[in-house]
Amino acid sequence: MLDVYRLNAYLTALHDTAMALMNHLDIRELLESMVCRAGELVGTKNGYIALLDEASGRFTLKVAAGFYTHYVGMVITPGDGVMGQVMVNGETCIVNDYASWLYRKQEPEYNGLSAVMGMPLKAGGNLVGIIGLAYDEPKEFGQEEVAVLSRFADLASIALTNATLYTALQQELAERRKIEKKLRYMSYHDALTGLYNRTFFKKEMGRFERSGKKPVAIILCDVDGLKLINDTLGHEQGDLLLDAVAEVIKTSVRASDIVARIGGDEFAILLPDTDVKRVGAICSRIRSAVDVYNAEHLELPLSMSIGFAVSAAGTAGTVTMNELFREADDNMYREKLHRSRNTRSAIVKALLKALEIRDFITEGHGDRMQEWVEELAASLNLSERRTGDIKLLAQFHDIGKVGIPDRILFKPGLLTPEEHMEVQRHADIGYRIAQSISDLIPIADFILKHHEWWNGSGYPIGLKGKEIPLECRILAIVDAYDAMTSDRPYRKALKPGAALAEIRQQAGSQFDPELTAIFCELVEKRYRGDGV
């Protein structure tokens, strides 16, 4: 039994321990203090604390002293040793003669232990941890000593709960600050390019106006032909081009300049301490950067219309930042009017070049088709204008294929239903391209309808019979013939006779029967000496 002086010493130590534990809010420091203080109470340097990982449901040794030091990180096995017993039963486990204990750990290194105690750490009645002490010399835990250690475990549980709540609160606050920082960033930045957005740009214009500092300049840049690119190649390609614009502008201006994307295809630059000469030099750098980009990206040219305005030092303070912005916008728009036709032509040329490079199926396809459609048009006594339109259609009918992924265009096997649907989009894509180019507007409708079938089962509209323009009915036969007599990734070319047999079989369903007969006669006439 403990004497009064010994008990008083325990209680004093317990009070001091409680005060010390409550002052620890860092969980790691708290755990280390727990092990140290518990050992001091009963005179041992061997101790440990294991905690529950809520995600896995396992208890792991987190901190240790003395004998247990090299076991940090060990996962507790239910029922194994003192820790395992506390884990299973949720109650204090005291072993005064460890060597003869039934549930002792069997590893040789545990043979040196004499007495071991494990106590539960609980929160809300649930086991959240285990604190343990051990002796490597004979020891017997008395009732008063056990009571003091149990009280210590209760205090440790409270301290651990407080520290855990504090840590969770700190993590929540840190996460909230992180979210707030992200929201602030998003409120002032463009999600696609990472540049500032219109809101921030307007805010900075107001700040510049209030400061009255001059000279100040505004440059506005508008991406030419972005809608055509989005409509034909898709918004993903358009987004890549916008990213390129952002990079071109950022590398052309100074660190003090404010660059923003203020609209779908509009970019703005606010330039402090910038006179007319300097802003002109910056615009020249932007144009040079565009030329460098285009030299490295031949598949799709980048074109921008640029306008600027300067509020010079010493001028009357009547020019507001909004008026300066409008002046830059007017200058940019005037340049855009001069560039628009050339820009569209350059984009279409790039699209055709991309089609030529990507789609080997069409190599010589357009030329051969022009020859056949011209011959068929002559047999029908069509006017020179209609013949010219059909020849133009033969050349450009597949321009929409620039918007079809390579994985489909170059697929060696048969297409899936989903891939067929993707390929069918090329008629609509081609129509939109043709609508944007004045030279192709007359055949835009033909490009849209050149895959309609005589029986109404074609695409994209499902026209039937003579609802289908004559130009499209002519092209459909010639296109099918040339496709069958050309090598494809999934089959070799057919002989002319075999191709004509296929076309005759589809007369009345896919093809106009009258035109089919006329075309077959033309082919047979050309190859009569070859046994067709």
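Where in the predicted model is the place of Tyr185? Tyr185 sits in helix H4, residues 143-188.

The model is predicted, with local features needing pLDDT of at least 70 and side-chain atom pairs counting only at pLDDT 80 or more, while totals for chains, interfaces and linings use all residues. Numbering runs from 1 along each chain as its sequence is written, and side-chain values use heavy atoms, with hydrogens and water left out.

**View 1. A nonpolar patch that includes Tyr185.** Ile179, Leu183, Tyr185 and Met186 make a nonpolar surface patch of about 410 Å². Patches take residues with over 30% relative accessible area and no salt bridge; like charges are joined within 9 Å, and nonpolar side chains (Val, Leu, Ile, Met, Phe, Trp, Tyr) within 5 Å. Areas are Shrake-Rupley values with a 1.4 Å probe, and for residues only the protein chains shown count as cover. Tyr185 itself is partly exposed, at a relative accessible area of 43% (buried is under 20%, exposed is over 50%, partly exposed is in between; 1.4 Å probe, protein chains only). Helices are DSSP runs of H or I with at least four residues, strands are runs of E with at least two, and both are numbered from the N terminus.

View 2. H5 covers residues 198-211, and its 14 residues reach 20 Å from the first C-alpha to the last, close to the 20 Å expected at 1.5 Å a residue (expected span: 1.5 Å times one less than the number of residues). Phe200, Phe201, Glu204, Met205 and Phe208 are its buried residues. At the start of H5, a side-chain oxygen of Asn197 comes to within 3.3 Å of the backbone nitrogen of Thr199. Gly212 follows H5 and has a positive phi, near 70 degrees.

View 3. Helix H6, largely enclosed. How many of the 8 residues of H6 (residues 226-233) are buried? The count is 6, so H6 is largely enclosed by the rest of the structure. Among them are Leu226, Leu228 and Ile229, along with the polar Asn230, Asp231 and Thr232. Arg473 in helix H15. H15 spans residues 470-484. Arg473 is buried, with a relative accessible area of 12%. Its side chain reaches the backbone oxygen of Ile468 at 2.9 Å, a polar contact (N or O atoms within 3.5 Å; within protein, one must be able to donate a hydrogen and the other to accept it, and residues adjacent in sequence count only if both atoms are side-chain atoms).

**View 4. The salt bridge of Arg261 and Asp190.** The closest N and O atoms of this pair are 3.2 Å apart (a salt bridge is a side-chain nitrogen of Lys or Arg within 4 Å of a carboxyl oxygen of Asp or Glu). Arg261 lies in strand E8 (residues 258-261) and Asp190 in the loop between H4 and strand E6 (196-197), so the pair ties together parts that are 71 residues apart in sequence. Arg261 is buried at 15% relative accessibility, and Asp190 is buried at 13%.
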